[in-house]
Amino acid sequence: MTITADPFLLHQLSNYTLVETIYQGIRTTVYRAVEKATQQFVVIKVLSQEYPNFSELVQFRNQYTVAKNLPISGIIHPLSLTPLGNSYGLVMEDVGGISLAQYAEQDSLSWIEVLSIAIQLANILHDLHQYRVIHKDIKPANILILPDSKQVKLIDFGIASLLPKETQAIQSPQSLEGTLTYMAPEQTGRMNRAIDYRTDFYALGVTLYQLLTGQLPFASDDPLELIHCHMAKVPVSPYEVYERQKADSTLNTQHSTLPAIPKTLSDIILKLIAKNAEDRYQSAFGLKHDLEQCLIQWQDRGEITDFDLGQRDLSDRFLIPEKLYGREAEIQTLLDGFDRVAQGTSELMLVAGFSGIGKTAVVNEVHKPITQRKGYFIKGKFDQFNRNIPFSAFVQALRDLMGQLLGESDIQLKTWKALILETLGENAQVILDLIPELEHIIGPQPPAPELSGTAAQNRFNRLFQQFIQVFTTPDHPLVVFVDDLQWADSASLQLIQVLMGDANTGHLLLLGAYRDNEVFAAHPLILML
């Protein structure tokens, strides 16, 4: 049996006979096919768009590049990567499984079945991490289960990484790699923490939580609210969710003969979804040991008693905790300042110290309350060798902001466009010359009226100030971090004075960092203060 498909696709995949469409989504389509030469069943994944963007192509190639040489039984192995016009076709082995998300919808899982799946996934993660692979997108849709044997396999290495550690920059929630509902706090770029192999443990914990309880630990239609939940909110334990469901008579009666979710299993999942990576399991082997202890106790005694978690949880690599020590007072000062700004004030706060002492790390701790208030955090850095470029750090920060805005919805972008054009009027081109990315939001603008000398400078200063004020609102407080103020140009220092001295500017926190050993009494920064 063959299926109807795009003639171009059929021509490009002439070595295969397409049998059925397994999945069709906005981004990808998955077919089951038969290779004509061998008569073997395979799965072919293609990008749905005729002209995919660069990021989609990179992710597609990454699936093949990362997984092709992994001698691991717990993953679906790619067989080849075939060019398809402007895109690719990824040919993979066909094991006959279905996604765990689909399987759980068809047949609710008992906690014993979830425990068995968890042990298999811990094994797979152990193998992956031994080869220094971080999956970064573990969720039920990326786990295949063979309905007969209940064996599971991990799929989709599109955003997987071979780096031991990554730092995620702040982006609009819609632009982040991964799936927001399963995303570890450090993947949001707002935790002042790096991504490493323990990121996979968090996503695994959320997956197991959902399989056990039928619901996610955090649910929200607002992406920033969801990010804040991952960063700061403590989830209700699976054990308590079960008890509430039992009281509300919402449990599936199919597994009603089984006892409640064991508290120990619930605690294991809570350990997996700890906010800080240091508080999670440090090895898949340690996780597997605890899960197997639960299974052994249940098989031997029909119950699971409490035991100390993590007894065999030893990391096989040297990791330095990323928690800040001895900076509690400084961090609290920053947080108090942001609270006042969120109420409507504007403040300038400076962090001084030698190079490499940790000024930026302290400033980055303000990300959590900013996310809670749905604010924007942008940053720029002055350059020792480009002091002749005015406003360089502010321009860098605002270009960063444009990138965040472009990741928002079309409705939000239309609102920003109207506000910006209303503020800048016929002079919008003046700011466009400085921040070209703005054109993606407001479109091309007519040339601004020509001015010269002091008049042009005054107009620029006024427009730049008004442009910043567009983004300082009660709904979205703005935090601007400018680093290396010891190299700031005079125009930037003057702008700081204007912003802080204007009574109309509110909801703005300007954070500055400088090396106090490079600033003397007659330095322009000290004179400005």
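Is the crossing of H5 and H7 left-handed or right-handed?

Reply: The crossing of H5 and H7 is right-handed; a crossing has that hand if the near helix is turned clockwise from the far one by less than a right angle, and is left-handed if anticlockwise. The model is predicted, so local features need pLDDT of at least 70 and side-chain atom pairs count only at pLDDT 80 or more, whereas totals for chains, interfaces and linings use all residues. Residues are numbered from 1 along each chain as its sequence is written, and side-chain values use heavy atoms, with hydrogens and water left out.

Helices (H or I, at least four residues) and strands (E, at least two) are DSSP runs numbered from the N terminus. The axes of H5 and helix H7 (residues 238-247) come within 10 Å and cross at roughly 20 degrees. H5 is therefore roughly parallel to H7. Here axes are lines fitted to C-alpha atoms, for helices over the stretch in contact, and angles run from 0 to 180 degrees between N-to-C directions. Angles under 35 degrees count as roughly parallel, over 145 as roughly antiparallel, 65 to 115 as roughly perpendicular and the rest as oblique.

On the H5 side, Tyr209, Leu212 and Thr213 make the contact, and they meet Pro238, Val241 and Gln245 of H7; contact means heavy atoms within 4.5 Å. By class, this contact of H5 with H7 has 4 nonpolar, 2 polar and no charged residues. In that scheme Ala, Val, Leu, Ile, Met, Phe, Trp, Tyr, Cys and Pro count as nonpolar, Asp, Glu, Lys and Arg as charged, and the others, Gly among them, as polar.

H5 also packs against another helix. Helix H4 (residues 111-130) and helix H5 (residues 199-213) have axes 10 Å apart, at an angle of about 165 degrees. H4 is therefore roughly antiparallel to H5. The crossing of H4 and H5 is right-handed. H4 brings Trp111, Val114, Ala118, Leu121, Leu125 and His129 to the contact, and H5 brings Asp200, Phe201, Leu204, Leu208, Leu211 and Leu212. These residues of the contact of H4 with H5 divide into 10 nonpolar, 1 polar and 1 charged.

The C-alpha atom of proline 238 is separated by 19 Å from that of lysine 288, 50 residues apart along the chain. Lysine 288 is found in helix H9 (residues 284-301). Leaving aside its neighbours within four places in sequence, lysine 288 is in contact with Ile119, Ala122 and Asn123.

His129 takes part in lining the second largest cavity, together with Arg132, Val133, Ile134, Leu163, Pro164, Tyr197 and Arg317. On a 1 Å grid over the protein atoms alone, a cavity is a set of points where a 1.4 Å probe fits but cannot get out, and a pocket is an open set with protein on both sides within 12 Å along at least five of seven lines; lining residues have an atom within 4 Å of a point. The second largest cavity has a volume of about 30 Å³, where grid points are joined across faces, edges and corners and a volume is the space filled by probe spheres set on the points. The lining of this second largest cavity divides into 5 nonpolar, 1 polar and 2 charged residues.

The count comes to 2 cavities of 30 Å³ or more. About 50 Å³ of space lies in the largest cavity, whose lining includes Glu186, Arg193, Asp196, Lys275 and Glu322. By class, the lining of the largest cavity has 3 nonpolar, 1 polar and 8 charged residues.

The largest pocket, for its part, has a volume of about 1300 Å³. Its lining comprises 46 residues, of which Tyr23, Thr28, Lys45, Asn142 and Asp156 lie nearest the centre of the pocket. H2 gives the largest share of that lining, 6 residues. By class, the lining of the largest pocket has 21 nonpolar, 14 polar and 11 charged residues.
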